[in-house]
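Trainee: Could you walk me through how to read helix packing and the core in a model like this one? I'd like the general idea, then the case at hand.

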Amino acid sequence: MSAAPELHPDTSSTIFSLQGRVLKFDTLASIEPYLKQLNEREDLEEVRLGGNTLGIEACAGVGEALSTKKNLKVADFSDIFTGRLISEIPQSLKSLCSSLLALPVLTSLDLSDNAFGGRSVDPMVELLSSHPHLQVLKLTNNGMGPAGGAVVAGALLANAKKARAEGRKPSLRRLTCGRNRLENGSAPAWAEAFAELGSLVEVRMPQNGIRMEGIEAIVKALQLNPDLEVLDLQDNTATSRGSRAIAASLPSWPNLNTLNLSDCLLRPKGGLSVMTALAKGSSPLLASLKLQSNELNGPAVSMLATAISLHLPNLVELELNGNYGEAEDECYVAIGEALEKHDHGDALDELDELEEEEEEEEEEEEEDDEEAEVVEEDEAEEAKEPTGAAGDAAESDDLSKLLNKVHIE
């Protein structure tokens, strides 16, 4: 009698794991010994197949086995198509997603690191638009592009509308969709989905090439998710316009504890807008704030020091490297003193890559070019807000008033 195949050490009566085993399953026969062990776990709650590669037949076998696991809550199918032809993936994905539809308590799905692209997102649509209890969705590094991103967002929108039509609250709470080239093309679809959901506590969308118009649409929609705790927009392009939208949205999220805006090109004016909102007490529970490489200058950093001193007693992680100035500058010293006031002196990251500030005129010229791309209706809406000299004067007044309030001991 042959020995049972070796499983991951995390495997138990409720967990079936082949995580990181680097196994290749081309046929049903090749995976059957493992499926036998999976079938033996009647109380299975979690399956982890990441770090292996599964063909069409193997996925069909897994799907059939999982369709009977009515207690399954977590499905980790990340990185399971390495080396597979793009033509194989839709059928494989369909087998897996269809099986999950029949599972009443499924709450978490991870399909990250599967390069199925925009052409292969359709097999997910039925599951994402219909499952009534999905709370966590992770889709990172799938290469879906703007069109594929819009399809996924549309499925989540349909799910939210279905829930409300049935008298239920939408279930999705945590969404990760990073490194997917979502760009501005998919931003309206995401914004519509977020506005309808209203249930999100965590949204991570880093490295998607989303520009200021897209950022603005997304964060405005997220205002309708008042329980938001985590927002990660790292390595997209906010500039002043997106930054103003973020600043205006912060008071809508009183439970926000994690904000990652590193590499978002906030720039001095945009950074000042965000820091002013924080200095007015928008986010009292903030524990992690990442602002690396944003061209933040002295006034913006000084305003952040004020915010920390007055309203951020829980801040234990702060990243500011790659902005303007020198570590010895008064604004950065004030940051350290403000953190020390709350006994969090070790919260600040190294400041070993600060840069010399560029000419403001050059920055303003670039922003003028960007703002010229805005459609007429958005320009009309922005005209209602203080801009130009009036806007700068208002921000200056905010800065002086708030700085006068703070005395860092």
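Trainee: Let me start with a pair of helices. Which residues in helix 8 meet which residues in helix 9?

Mentor: Good place to begin, and keep in mind that this is a predicted model. From helix 8, the residues are Thr239, Ser240, Ser243, Arg244, Ile246 and Ala247, and they meet Arg267, Lys269, Gly270, Ser273, Val274 and Ala277 of helix 9. Sorted by class, the residues of this contact are four nonpolar, five polar and three charged.

Trainee: How do I describe the geometry of such a pair?

Mentor: Two packed helices are described by the angle between their axes and by the distance between those axes. Here, helix 8 (residues 239-249) and helix 9 (residues 267-279) pack at about 5°, with the axes 8 Å apart. Angles under 35 degrees count as roughly parallel, so helix 8 is roughly parallel to helix 9.

Trainee: Helix 9 also packs against helix 10. At roughly what angle do the axes of helix 9 and helix 10 cross?

Mentor: They cross at roughly 10°, and the axes come within 8 Å. Helix 9 and helix 10 are therefore roughly parallel to each other. On the helix 9 side you will find Pro268, Gly271, Leu272, Met275, Thr276, Leu278 and Ala279. Their partners in helix 10 are Pro299, Ala300, Met303, Leu304, Thr306, Ala307, Leu310 and His311. By class, this contact has 11 nonpolar, four polar and no charged residues.

Trainee: Let's turn to helix 5 and helix 6. Which residues make their contact?

Mentor: Geometry first: the axes of helix 5 (residues 145-165) and helix 6 come within 8 Å and cross at roughly 10°, and the two helices are therefore roughly parallel to each other. Helix 5 contributes Pro146, Gly149, Ala150, Val152, Ala153, Leu156, Leu157, Ala160, Lys161 and Arg164. Helix 6 brings Glu183, Gly185, Ser186, Ala189, Trp190, Glu192, Ala193, Glu196 and Leu197. The class count for this contact is 11 nonpolar, three polar and five charged residues.

Trainee: Which residues have the most contacts inside the largest nonpolar core?

Mentor: They are Phe77, Met124, Trp190, Phe194 and Leu304, in a core of 110 residues. The largest share of this core, seven residues, comes from helix 10 (residues 298-311).

Trainee: How do I set this against the whole chain?

Mentor: The protein chain comes to 14 helices and 13 strands. Of its 409 residues, 51% count as buried. Among contacts with a separation of 6 or more, 86% are between residues 24 or more positions apart.

Conventions:
Residues numbered from 1 in each chain as written. Predicted model: local features only at pLDDT ≥ 70, side-chain atom pairs only at ≥ 80, totals over all residues. Heavy atoms only, no water. Core = buried A, V, L, I, M, F, W, Y, C linked by side-chain atoms within 4.5 Å. Buried < 20%, exposed > 50% of the residue type's maximum accessible area, 1.4 Å probe, protein only. Helix = DSSP H or I, 4+ residues; strand = E, 2+ residues; numbered from the N terminus. Axes fitted to C-alpha atoms, helices over the stretch in contact; angles between N-to-C directions. Parallel < 35°, antiparallel > 145°, perpendicular 65-115°, else oblique. Contact = heavy atoms within 4.5 Å. Nonpolar A, V, L, I, M, F, W, Y, C, P; charged D, E, K, R; others polar.
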